[in-house]
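Here is a short briefing on helix packing and ligand contacts. Keep the structure open as you read.

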Amino acid sequence: MDLKAIEQMVEQVLREIQSEQIVNVTEQRKEGYGLFSTIDEAIEASEKAQKKLLYTGMADRQKYVDVIRKTVLNKENLELISKLAVEETEIGCYEHKLIKNRLAAEKTPGTEDLISEAVTGDNGLTLIEYCPFGVIGAITPTTNPTETIINNSISMIAGGNTVLFSPHPRAKKVSRLLVKMLNKALIEAGAPSNLIAMVEEPSLENTEKMISNPKVRLLVATGGPSIVKKVLSSGKKAIGAGAGNPPVVVDETADIKKAAKDIVDGCSFDNNVPCIAEKEVFAVDSICDHLIQYMKDNGAYLMTGKQQIEELKALVTTEKGGPKTSFVGKSAVYIMDKFGVKVPDSVRVIIMEVPKDDLFVQEEMMMPILPIVRVSDVDTAIEYAYEAEQGNRHTAIMHSQNVEKLSKMAKVLETTIFVKNAPSFAGIGAGGEGHTTFTIAGPTGEGLTSARSFCRKRKCVLADAFSIR
Ligand code: NAD
C-alpha cells in the first residue's frame, strides 16, 4: 500500500472518531437526567423511555428498582435529600425524614409484587398478567416530597411504566435533585434515559397540561381533596390518595402506659404531617387522667385554661379555620416558642382537653397539637371517632384489649388502615408487618399501593394446548 493511501485511511479514521465524539457530546448535552423545560418535552421523553422499558426483561426492571434503592440508601444521598426536603419546604424533621426515605427505599415492593394468574383446562391455557399503563402522571405532596418520589418510582417502574412527576412548587428543588440523582444512577446501570421525569418549574398550569395530555395514561394524586377531585374528574383512569384525619380511641382495657407512649411517638413523627399520624384522641373517662399523665412523662406538654387554648388555636389557624401554612409541620418547641412559652427540647407534642366539636378535632391540622376528648364509654368514643374521621376512610388507631370493641371500631370506621395497640406508623410497615407506601389510595380503593396498583390486567389465551395435567 502506498503512503498516500495510508494517509487517506488515517484521515478517514480520524474523521470518524471526531464525528463520533461530536455525536456523543451532543447526546451528553441533551441528557438532562429527567429534567425538562416544558411539560410537552417531558411527556414526549417519558413516552419514548416507556417504549424502551417495555422491551426490556423483568430482570432488568428489577435491576432498575434495586438501583433506586441503592442510590437512596447511599448515606450521603439519603442525608442530602432529607436535609434539603426540610430546608426547602420548612416542614417536618430531618431525623424522621431519614427514617421515611429509608423506609420508602427498603420496603416498597419491586417486581415480585406482579404475580401472574394461570387458568388451565381442556381448552388450553390462559394467562392473566399485570401489564404497564405507559406514562403515569404522579402528583406529589409537600409533606412527603422525596418519600413519594422514591416510593412511586419503585412501584411504577417495577410495573413497567415510566413516571412523570408533578411535585408541589414548594418542593421543586429537592424533587429536581432527586429526579436527577435517580436518572443518573439508572443511566449508569444501563437503563433508558428518563424513566423518571419532571418539568423543571412545576406549576398548577403544568399539572393541568399533564392531566389533559392523552399520552399520560394514568394519573396518581397524593395530596389534599382539591387535587384528588381534579384527577378523578379528568375522564381518564386515576388513583386518588387523599387527606385523612386519623382518630385514636383509648378504652379502659388498654395498656395505658404503652398507649400514651405510642400516641406521642406517632403524633410527633415528622411533626405530625403524615396523613396517617394521630390527629385527635377519644379517651374513656376512667383512664383519661392516667393517659394524660403518661403522655406528659413521654414528652407531651399539657395546655390548660380555656383562654390559653383559644389563644394558641388562634395563633396557628387562619380565619377560615384551616391550619396556617407557616405552622404546618413545625415542632412543638417551635410552636410554643411563637406562643411565647419556652419549653424544653424534650417536648414533642402539645396536648389539650377540648369538646368533641372543637376545630382541632374535626380538621386535619398537620402539626403536633393533639386534642383529647374525654368520653363516658368506648361506644361513644367510637361514635365520635367516626364523626371526626370525616368519612375519609383513611386511617384509625385504637388501644384496647377488647376484641369485640376493636372489631366494632374497624367495622364502623371502614378505614384503609386500622392500627391496634401501636403507633400509627406501624400501619405503613415501620414496626408493623407488611410493605410500605406513601400513596394510600382510600378514595379509589387500591389501598396501600404497590407495583400491581399501577398496572392493567391483561389476558393472553392459548387454545387447546399447554394444559399438562
Ligand atoms: P396539596 O393538596 O396542597 O398538594 C398536593 C399536590 O397537589 C401538590 O403537588 C400541589 O401542587 C397539587 N395541587 C393541589 N391543588 C391543585 C390544583 N387545584 N391543581 C393542580 N395541582 C394541585 O397537599 P399538601 O399540603 O402538599 O399535602 C398534604 C395533604 O396530602 C394532606 O391532606 C394529607 O393528608 C394528604 N396526603 C395524603 C397521602 C395519602 O397517601 N393518602 C399521603 C400524603 C399526604
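Helix 3 crosses helix 5 in a left-handed sense. This is a predicted model.

**Helix 3 and helix 5**
- Helix 3 spans residues 58–73, and helix 5 spans residues 94–107.
- Angles over 145 degrees count as roughly antiparallel, so helix 3 is roughly antiparallel to helix 5.
- On the helix 3 side, the contact uses R69, V72 and L73.
- On the helix 5 side, N101, R102, A105 and E106 meet them.
- By class, the residues of this contact are 3 nonpolar, 1 polar and 3 charged.

**Helix 6 and helix 7**
- Helix 6 covers residues 145–158, and helix 7 covers residues 172–188.
- The two axes come within 9 Å and cross at roughly 30 degrees.
- Angles under 35 degrees count as roughly parallel, and helix 6 and helix 7 are therefore roughly parallel to each other.
- The crossing of helix 6 with helix 7 is right-handed.
- Helix 6 contributes P145, T146, I149, I150 and S153 to the contact.
- Helix 7 answers with V174, S175, L178, V179 and L182.
- This contact has 7 nonpolar residues, 3 polar residues and no charged ones.

**Helix 4 and helix 6**
- Helix 4 runs over residues 75–89.
- Its axis and that of helix 6 come within 9 Å, crossing at roughly 130 degrees.
- Helix 4 and helix 6 are therefore oblique to each other.
- I81, A85 and T89 of helix 4 touch P145, T146 and I150 of helix 6.
- The class count here is 4 nonpolar, 2 polar and no charged residues.

**Ligand surroundings**
- The ligand is surrounded by 29 residues.
- The closest are T140, T142, G224, E364 and I440.
- A polar backbone atom of T142 sits 2.8 Å from an oxygen atom of the ligand.
- For G224, a polar backbone atom is 2.8 Å from a ligand oxygen atom.
- E364 uses its side chain: a polar atom there lies 2.5 Å from an oxygen atom of the ligand.

How values were computed: Residues numbered from 1 in each chain as written. Predicted model: local features only at pLDDT ≥ 70, side-chain atom pairs only at ≥ 80, totals over all residues. Heavy atoms only, no water. Axes fitted to C-alpha atoms, helices over the stretch in contact; angles between N-to-C directions. Helix = DSSP H or I, 4+ residues; strand = E, 2+ residues; numbered from the N terminus. Parallel < 35°, antiparallel > 145°, perpendicular 65-115°, else oblique. Left-handed = near helix turned anticlockwise from the far one by under 90°. Contact = heavy atoms within 4.5 Å. Nonpolar A, V, L, I, M, F, W, Y, C, P; charged D, E, K, R; others polar. Near = heavy atom within 4 Å. Polar contact = N/O pair within 3.5 Å; in protein donor to acceptor, adjacent residues only side chain to side chain.
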